[in-house]
Amino acid sequence: LPEDDPIRQMLERGAKFLDIGCGAGGFITLLAQSFKNSRFVGIDPVPHGIEAGKKLLSELGIENQVSLEQSGGEAITYSDEFDIVSMVITLHEIQPDIRVKVVEKAYQALKNDGQLLIIDFSFPEKLEDFRNPAFELGIIDQFDECTLGTVILNEHEENQMFTEAGFKNIQRTSM
């Protein structure tokens, strides 16, 4: 994260961070090692990832800074608790029938001035965008995972979902 990034500044000061779809907690474990003033919670519905992550946290001695819970995003009970909520390559994996609820629960878990960080890909909205390299991963993943029920939203559909959940000031950055 660049020095002037608001999320980096929050983490440096000491933030409470929730990662939805954390897998084994790799992302928040790395963040915890860099941002000692912050506390991290990861949730994921897959038990073997959570167990592997807990073992790693114990080996690293950071289980007081990072906790992992086996839970789906639709079951979040936190309210106004986190400064930052993230979904890293997760949003598109959430089944369409619960995706809106997960985004609403993410909003509920955030403090009023909290930040939602999503690192993921979108599906093209217009035919000509199928040639745009920015949508390549979304196109390939949609093709590969369509039999699993995966439905990747386009940016307009994502923005509409975020707005309906209560999010304002939606910003997008390309990497």
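Visitor: Is Met-10 buried, partly exposed or exposed?

Guide: Relative accessible area is computed with a 1.4 Å probe on protein chains only; under 20% is buried, over 50% is exposed, and the range in between is partly exposed. The value for Met-10 is 12%, so this residue counts as buried.

Visitor: What kind of model are these values computed from?

Guide: Residues are numbered from 1 along each chain as its sequence is written, and side-chain values use heavy atoms, with hydrogens and water left out. Local features need pLDDT of at least 70, side-chain atom pairs count only at pLDDT 80 or more, and totals for chains, interfaces and linings use all residues, the structure being a predicted model.

Visitor: In which element does Met-10 lie?

Guide: Elements are DSSP runs numbered from the N terminus, with at least four residues (H or I) for a helix and at least two (E) for a strand. Under that rule Met-10 belongs to helix α1.

Visitor: Which residues does Met-10 touch beyond its neighbours within four places in sequence?

Guide: A contact is a pair of heavy atoms within 4.5 Å. With neighbours within four places set aside, the contacts of Met-10 are Ala-15, Ser-38, Asp-83, Ile-84 and Gln-115.

Visitor: How wide an arc do the buried residues of α1 cover?

Guide: The buried residues in α1 are Ile-7, Arg-8, Met-10 and Leu-11. They sit on the same side of α1, because around the axis they cover an arc of only 160 degrees. The arc is taken over the directions from the helix axis to the C-beta atoms. The value is therefore 160 degrees.

Visitor: Which elements are included in what covers these buried residues of α1?

Guide: The cover includes one helix, α2 (26-34), together with strands.

Visitor: Is Arg-8 buried or exposed, and which side chain makes a polar contact with that of Arg-8?

Guide: With a relative accessible area of 18%, Arg-8 is buried. A polar contact is a pair of N or O atoms within 3.5 Å; within protein, one must be able to donate a hydrogen and the other to accept it, and residues adjacent in sequence count only if both atoms are side-chain atoms. Beyond four places in sequence, Arg-8 is in contact with Leu-1, Pro-2, Glu-3 and Phe-35. The polar contact, at 3.4 Å, joins the side chain of Arg-8 to that of Glu-3.

Visitor: Which residue places a side-chain oxygen close to the backbone nitrogen of Ile-7, to within 2.8 Å?

Guide: The contact is found at the start of α1. The side-chain oxygen that reaches to within 2.8 Å of the backbone nitrogen of Ile-7 belongs to Asp-5.

Visitor: In what order do the strands of the sheet follow one another?

Guide: The sheet is open, with five strands in parallel pairing, and its order is β3-β2-β1-β4-β5. The edge strands, each pairing on one side only, are β3 (66-70) and β5 (110-119). Two strands pair if DSSP finds at least two bridges between them.

Visitor: What angle does the direction of α1 make with that of β4?

Guide: Strands β1 (residues 16-20) and β2 (residues 39-44) run parallel and are joined by five bridges. Helix α1 (residues 6-13) packs on this sheet and touches β1, β2, β4 (82-88) and β5. Axes are lines fitted to C-alpha atoms, for helices over the stretch in contact, and angles run from 0 to 180 degrees between N-to-C directions. The angle between α1 and β4 is about 125 degrees.

Visitor: How many bridges pair β4 with β5?

Guide: Six of the seven residues of β4 are buried, so this strand is largely enclosed by the rest of the structure. Three bridges join β4 to β1. With β5 the pairing is also parallel, and the number of bridges is six.

Visitor: What is the geometry of the ring pair Phe-162 and Phe-167?

Guide: Rings of Phe, Tyr and Trp (its six-membered ring) pair if their centres lie within 6.5 Å; planes under 30 degrees apart are stacked, over 60 edge-to-face, and the rest tilted. The count of aromatic pairs comes to six. For Phe-162 and Phe-167 the centres are 6.3 Å apart and the planes at 85 degrees, so the pair is edge-to-face.
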